Amino acid sequence: MSTVLAGKSAIVAAGAKNLGGLISTGLAERGANVLVHYNSASSEADADKTVAAVEATGRKAVKFQADLTVPANVRRMFDTAVDAFGSVDIAINTVGKVLRKPITETTEAEYDSMFDINSKAAYFFLQEAGKRLNDGGKVVTVVTSLLAAFTDGYSTYAGAKSPVEHFTRAAAKEFAARGISVNNVAPGPMDTPFFYPQETPERVEFHKSQAMGGRLTQIDDIAPLVEFLVTDGGWVTGQTIFANGGYTTR
């Protein structure tokens, strides 16, 4: 077990399960204390399991429930991490919501929800990270490889994730004097429960056919890249890294 992050502390937004859960435990295995954020009560059991897994590595862990589309909750989350660990060095945002729906059928409420979750929450997460991280800190936001796709159906998902690239570039410049790196990771279609409700079986097979090995992106493909960016990859900043097995590129 590596201790490269010994003495460091991390926040993982949506860190209770799936990719976020794997990132939370992976950071702990590398030595970091971890705040595990979750949004709804239905994820509390997963958060408890992830907290237990972090603590099993000998690190400190704390769970935190909140809707991060409310900036005050983002501030409270960072406050909670500082109270628990003393300071914060790493901020990982895996929060996201997927919707596949034609533009002509999308409601205003759906539009607002998609942009609140995928854009607004990401913006104020970056804002708070810039205020609260220690010098030399690391920030990573999970976006989507659809940012490089020419496809139908995902106007509000890809559209709401696309501003994060601009937020990230600005933040990378603004935080550079303090040695804080800011990056995005853009997975391909991931083999998680969030993906399948949006697609037909036929489209799932098409997505698989477009990537190396004829498969979807796995969370195990993405977590090591996030860990690299917050350890040896600290010189990388302001970038969106597409990790999708050749599914798409710019």
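The crossing of α4 and α5 is right-handed, meaning the near helix is turned clockwise from the far one by less than a right angle. Both names follow DSSP runs, with helices being H or I of at least four residues and strands E of at least two, numbered from the N terminus.

A quick word on what we have here: this is a predicted model, where local features need pLDDT of at least 70, side-chain atom pairs count only at pLDDT 80 or more, and totals for chains, interfaces and linings use all residues. Residues are numbered from 1 along each chain as its sequence is written, and side-chain values use heavy atoms, leaving out hydrogens and water.

So, back to the pair. Helix α4 covers residues 108-132 and α5 covers 155-175; they pack at about 10°, axes 9 Å apart. Axes are lines fitted to C-alpha atoms over the stretch in contact, with angles from 0 to 180 degrees between N-to-C directions. The two helices are therefore roughly parallel, which is the word for angles under 35 degrees.

Who touches whom? Among them, Tyr111, Met114 and Phe115 in α4, and Tyr157, Val164 and Phe167 in α5, where contact means heavy atoms within 4.5 Å.

Now α5 by itself. Its 21 residues reach 30 Å from first C-alpha to last, close to the 30 Å expected at 1.5 Å a residue, that is, 1.5 Å times one less than the number of residues. Its buried residues include Ala160, Glu165 and Phe175; buried is under 20% relative accessible area, with a 1.4 Å probe and protein chains only. Their cover includes α4, β5 (133-142), β6 (181-187) and β7 (240-243).

Methods:
Angles under 35 degrees count as roughly parallel, over 145 as roughly antiparallel, 65 to 115 as roughly perpendicular and the rest as oblique. Buried means under 20% relative accessible area, exposed over 50%, partly exposed in between (1.4 Å probe, protein chains only).
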